[in-house]
Every structure is written in C-alpha cells, then in structure tokens.
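Colleague: Hi! I'm new to this one, could you walk me through it?
Modeller: Happy to, let's have a look together.

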Amino acid sequence: MPQAGDILRVVADEKTARAMVEERKNASAARSEGSGRATLEDLYAQIQAGQTKELRIILKTDVSGSLGAITHALQQLSTDEMRINVLHEGAGDVTDNDIMLAAASDAIVVAFNTKVTDTARRSAEAEKVDVRSYDIIYKLTDDIQAALRGLLEPEQVETIEGRAEVRQIFKVGKVAVIAGCFVTDGRIVRTGGVRVWRGGKVITTDKIESLRRFRDDVREVATNFECGIGLAGSNDLVEGDIIECFTQQMVSRAAG
C-alpha cells in the first residue's frame with residue numbers, strides 16, 4: 001500500500017505506466033550490478049566530468065516541524081558552484097520508497113531523529129545508496145558541508161617563494177645562458193616556476209632547469225646568497241632582471 005511521502009506519477013494510459021515500471025526495474029537491476037550507484041564518490045566523478053553541480057538529498061525527519069529548519073540550514077550551505085537540492089522531504093521512517101527514489105536520482109538519504117526500516121536498510125545496501133542518520137542538526141550540516149568540500153574540485157593555489165636579481169650573464173655553449181643572481185628576499189627553489197620581470201612587466205614565465213651554488217647543484221638558495229639559475233625554455237635574460245620564483249599546489253576548497 002502507498003505510504004505518506006510516496007510519489008504519485010500520472011501518465012496517459014496503462015501501457016505507458018507499465019512501460020515506466022519496466023524501465024524502473026531495468027534501471028534498478030543495472031544499479032545492483034554496480035552502475036549508477038548513488039554515492040558521494042560517484043557524484044564527485046560526475047562533477048569532474050561536468051555532468052552535475054548539485055548534491056541531491058532525500059530528507060526524512062521524526063516530525064514535520066523539523067523539516068523546515070533542516071531544509072533551511074541545508075540551503076544555507078549552497079554556493080554558486082555547488083547547489084543542495086532537497087528532492088523529497090517528509091516525516092516518518094526511511095522506507096524502501098525513499099531508497100528507490102534516491103537510487104533513481106543519484107541522491108543520498110538523510111534521516112534526522114528517525115529510524116531506517118530493516119527492508120530500507122537492505123535496499124540501501126543493494127542499491128549502494130548512502131544513508132546518513134543524525135540526532136543533532138549541527139552534526140548533520142557539518143557532515144553535508146564536508147561532503148560538499150569533497151565534491152568541489154580542488155583549487156590551484158600559488159605561493160611566491162622569493163625573488164632574485166640578475167647581476168651577471170654567463171654563456172654556456174652557443175645558445176644557453178646561466179644567470180648569476182643574488183637572492184633579495186625569500187628563497188629560490190629548484191622545483192619552482194619563475195616569472196622574469198623587466199621594467200615592471202613580466203616578459204616570460206618559465207621553470208627552473210638548473211640551480212647552483214658555485215659548482216654544486218642545490219635544491220634551494222636563501223636570501224642574501226648568490227646562485228646560478230638556468231631556465232628551461234628562455235635565454236632572454238639581461239642584468240637587472242628580477243626572477244620571481246613561485247610554487248603551485250592543489251588544495252581542497254571549503255564549501256560556503
């Protein structure tokens with residue numbers, strides 16, 4: 001028998017309804033074989049592929065009064081890049097119907113102060129649907145925010161490591177040059193990228209091919225020390241140029 005919170009879909013005729021049921025059964029069978037799993041890992045893969053920009057949620061609570069407060073709290077976590085979409089909300093236990101709706105829509109199920117029936121739990125395991133139970137709202141929102149943080153693509157962050165002034169140019173072979181430099185601030189690191197500044201403008205961006213102190217290859221050179229810098233793709237260096245060294249790393253972004 002239908003239960004509170006079930007979705008009723010109206011179609012033109014019985015033939016269409018039966019076709020819809022068969023389609024749903026086939027989709028469910030495919031999911032049970034490992035495709036279309038409604039988990040955060042799959043949502044992340046979809047986001048990486050540019051297929052989705054939202055976290056879909058089926059929300060069940062013990063009483064109707066909790067729905068509005070939790071839905072509002074979840075909506076506050078949405079950003080321009082990642083939207084929370086509460087597809088269905090209702091009071092009562094988490095049932096098979098909630099699990100099937102979550103599986104069909106690649107959603108997760110959030111239960112607040114309410115239980116997950118045994119049959120729903122078995123269905124969730126079979127359908128690979130994430131079901132999360134909470135009894136405190138801030139724990140619920142903290143977990144969802146953490147989920148969003150994991151779903152957001154990491155951001156590339158640049159750090160300026162230091163700067164060195166070119167004081168002398170040494171020819172190496174017919175075309176290559178080594179810049180004799182003095183580190184004016186920070187440090188120059190062997191693995192860093194560089195920008196060459198001349199007259200207040202960036203004339204090239206490159207990476208360090210060689211970094212030496214006297215005849216020794218070194219990993220980094222600190223402030224107030226001299227060094228020889230060879231760039232990977234540019235020989236257009238003159239005395240007075242400023243070599244700015246930077247590094248980049250991918251870091252997770254906080255949702256909200």
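Modeller: Four strands make an open sheet, ordered β2-β1-β3-β4, with parallel pairing. Strands are DSSP runs (E, at least two residues; helices are H or I, at least four), numbered from the N terminus, and two strands pair if DSSP finds at least two bridges between them.
Colleague: Which strands stand at the edges?
Modeller: β2 (83-91) and β4 (131-134); each has a single partner strand, so one side of each lacks a neighbour in the sheet. From one strand to the next, the twist averages 25°.
Colleague: Before we go on, where does the model come from?
Modeller: It is a predicted model: local features need pLDDT of at least 70 and side-chain atom pairs pLDDT 80 or more, while totals for chains, interfaces and linings use all residues. Residues are numbered from 1 along each chain as its sequence is written, and side-chain values use heavy atoms, leaving out hydrogens and water.
Colleague: Back to the sheet: over how many bridges do β1 and β2 pair?
Modeller: Eight, in the parallel sense, with β1 covering residues 54-61. K60 stands opposite G90 in β2.

Terms used: Axes fitted to C-alpha atoms, helices over the stretch in contact; angles between N-to-C directions.
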